[in-house]
Amino acid sequence: MSCLQDTSLAEANSFSPSMPISPSSMINQYKFEDEPELKDLFVTVDDPESHITAIETFITYRVVTKTSRGEFDSCEYEVRRRYQDFLWLKSKLEEAHPTLIIPPLPEKFVMKGMVERFSDEFIETRRKALHKFLNRIADHPTLTFNEDFKIFLTAQAWELSSHKKQGPGLLSRMGQTVRAVASSVRGGVKNRPEMFAEMNEYMETFSHKINILDKIAHRIYKEEREYFNEMKEYGPIHTLWSASEEDIADSLKGVASCIDKCCKATEKRMAGLSENLLPIIHEYVLYSEILMGVLKRRDQIQSELDSKVDALANKKTDKDLFSEEIGKLEDKVECANNALKADWDRWKQNMQYDMRSAFTNVADNNLRYYEECLATWESFLASQTVDHHGEEDSEDRP
Amino acid sequence: FYLTNVRTVLFFRAVESQNEGQCSPVDSLWRRYSEFELLRNYLLVTFPHIVVPPLPEKRADFVWHKLSADNMDPDFVERRRIGLENFLLRVASHPVLCQDKIFYSFLTQEGGWKEMVNETGFQLKADSRLKALNATFRVKNPDKRFTELKHYSDELQSVISHLLRVRARVADRLYGVYKVHGNYGRVFSEWSAIEKEMGDGLQSAGHHMDVYAASIDDILEEEEHYADQLKEYLFYAEALRAVCRKHELMQYDLEMAAQDLTSKKQQCEELATGTVRTFSLKGMTSKLFGQETPEQREAKIKVLEEQIQEGEEQLKSKNLEGRDFVKSAWADIERFKEQKNHDLKEALISYAVMQISMCKKGIQVWTNAKECFSKM
């Protein structure tokens, strides 16, 4: 039944222009002329707060929603959510839409050991990722109308708890995944349509490459940080030297100041890397896992159909009953395939956009860095050649 | 003249310019590093009041990991050749040193030069290190300017070593940053194979990342020359200290001679007047075992008077020597200071020029890369 909702993409973009729009929901919203799709749901995640109870310590994040949609009783909501709640939301979405690409959540634990569990850096990274997660859902043509998503955004803490307790819950999702894994262990699907076979091949390569990129990006960050650390010591030596000199003291101090400025510029460059490229690449590392999972689930749905078709071929009795079942399964497979195809195209477009902007940002960061350093050294050079009495650089100096 | 280096046996060929008018028709000959050392040692002993230009390092020091510490490494050998050429140029352009015959024959006479140097007997004139160390500790009134100069040279040596060490580490790290970007090239290329629209952008961006990674080699090679310029002054600090040490030695010698003279004069006076003002073992024993005869005393006084006369002449000439030394040493030191200020300022400027060039290259590469990325 849920598959009928999935294929009704035509309805997904609907909005009600006749609904009264409150002034507060007009904040940084519509670009009437620019965007064909008008955004009517805005979500932010901010303000992490620590909660200490007898049993545990955890962080909650403030989730603010501004919307003009009719389905929402109010146009503004503010709730607090913890990581567990996000996990719940993700699993509900996966359950409801097994062949849609559900955005990744930041990991539960940090394996790399670079960051402490509740350090400011960790919390901020997580907050940004959670913000991205909700926004990707809000921008998704189908997921944005998911009921659990709405409840997540609007329910008070106790409301959410009670809602969570309903529904099939964790076990059924696990069962689904187990079946999916089992079917993939059995060596994949026999009649996998070419389109999905191509997707699988693509994802295998993509997954491999994105993981390598993740390592490279981290390596670059590490090298830049080491460089920064050494640079911090480099400038001050020149200042120290200037203390024993007279004639060249100014030149030495000038060099010291240039090095210090370049040092600061390199710090900015590092920060740019960790704020933009690293999180995006990491997201797509997670996405590659998600996509492999989605492809497996699609395969699993298809193999359900295939096995029933095989069974029918063998059985002579109850043909009618079987055909009805098979008919339903055929619908199911068609829904799943269509959903996945549409979402795949959308994902690829987003991926292209994200990669383009992330790497362009890296290039911009580097350009800014080199331009700052250039300006610094050029102004030093100008200051030196002014008191140089018009002497040219002696070419005969080895 | 200029130096070209050819064999791995590390002979350097000094090629003389045509303008040196002497009879020797040899215009190029071979010299090894050890012969340069011999020449320098000769100059140090023969011209102790001159800040003698230093030789480049024998072994690679202050290396960062990519540069091998191998003395046979062609880049190192080339830089050493430049350093040796620089040494000769400095000696040749020094108003005093350039006139030395041994230096001249170093450039013109291939065979027998070593023997010639040894025949000057300069090794015998060299002050022992122990004597010099002793003087440093015991001298009472060295010229203040030399004391200050010694402090300066200590500071200079310490700060330049520190700077060179950190520079080597910075170079190492910079190398790492650039080279890691080279990894992008391959991944982008492999990734572009599965992408239809992004493929071209990725592929060409990867190429630019390779260019970026490769560019650091030349940049750092150039920086090594800058480091060599600083190293020269690191080694010059030692030459400065050598002049200060010589002054301390001469001053100490002078003080000892003066002290000796004073004590002899006193002895003489005591013998003449019969009063004993200073305690001496001799005095005591003569008191205990009987006094000397007037003849003996007369003889002693005579000897002492001769010694005193000699001593006074010696003191006079030592004083003169000392003053001359201070005067000419200080003149060379002033010359050296000007040279140092000029050279170091030039070096710092050339460092800035290198940084500017590096930045411009970076801007070029990343502008190209950005264009490729925007086409993804």
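B:D217 is partly exposed, with a relative accessible area of 27%; partly exposed is the range between buried, under 20%, and exposed, over 50%, for a 1.4 Å probe and protein chains only. The model is a predicted one, in which local features need pLDDT of at least 70 and side-chain atom pairs count only at pLDDT 80 or more, while totals for chains, interfaces and linings use all residues. Residues are numbered from 1 along each chain as its sequence is written, chains are lettered from A and ligands numbered from 1 in the order in which they are written, and side-chain values use heavy atoms, with hydrogens and water left out.

The side chain of B:D217 meets that of B:K179 in a salt bridge, 3.1 Å from N to O. A salt bridge here is a side-chain nitrogen of Lys or Arg within 4 Å of a carboxyl oxygen of Asp or Glu. B:K179 belongs to helix α7 (residues 144-192) of chain B and B:D217 to helix α8 of chain B, so the bridge ties together parts 38 residues apart in sequence. Helices are DSSP runs of H or I with at least four residues, strands are runs of E with at least two, and both are numbered from the N terminus. B:K179 is also partly exposed, at 27% relative accessibility.

Helix α8 of chain B also holds a pair within itself. B:D260 and B:K264 lie 4 residues apart in that helix, about one turn, and form a salt bridge with closest N and O atoms 3.0 Å apart. B:D260 is partly exposed at 40% relative accessible area, whereas B:K264 is buried at 18%.

The side chains of B:E57 and B:K231 meet in a salt bridge of 2.7 Å, N to O. B:E57 sits in the loop between α1 (33-46) and α2 of chain B, and B:K231 in helix α8 (residues 199-273), 174 residues apart. B:E57 is buried at 12% relative accessibility, and B:K231 is buried at 4%. Both residues belong to a network of salt bridges that also links B:R79, B:R167, B:E223, B:E224 and B:D228. Over all chains, the whole structure has 53 salt bridges.

The next level is the arrangement of domains. Chain B is divided into domain 1 (1-16 + 26-135) and domain 2 (147-270 + 302-375), with bounds that come from an automatic or database domain assignment. The C-alpha centres of the two domains of chain B lie 19 Å apart. In chain B, 31 residues of domain 1 are in contact with 37 residues of domain 2, contact meaning heavy atoms within 4.5 Å. The two domains of chain B bury about 2900 Å² between them, 61% of it on carbon and sulfur atoms. Buried area is the accessible area (1.4 Å probe) that two parts lose on being put together, summed over both. On the domain 1 side, B:V51, B:F62 and B:W64 lose the most area to domain 2, together 27% of what that side buries.

Between these domains of chain B there are 6 salt bridges and 9 residue pairs in polar contact, with both residues at pLDDT 80 or more. A polar contact is a pair of N or O atoms within 3.5 Å; within protein, one must be able to donate a hydrogen and the other to accept it, and residues adjacent in sequence count only if both atoms are side-chain atoms. Helices α2 (74-92) and α6 (129-138) of chain B are the elements that give two or more residues to the domain 1 side. The residues of that side divide into 16 nonpolar, 5 polar and 10 charged. Nonpolar covers Ala, Val, Leu, Ile, Met, Phe, Trp, Tyr, Cys and Pro, charged covers Asp, Glu, Lys and Arg, and the others, Gly among them, count as polar.

The two chains also meet. Here 58 residues of chain A are in contact with 61 residues of chain B, and the chains bury about 6000 Å² between them, 70% of it on carbon and sulfur atoms. Chains A and B share 8 salt bridges and 17 residue pairs in polar contact. On chain A, α8 (194-242), α9 (249-314) and α10 (319-386) each supply at least two residues of the side that touches chain B. That side of chain A divides into 29 nonpolar, 10 polar and 19 charged residues.
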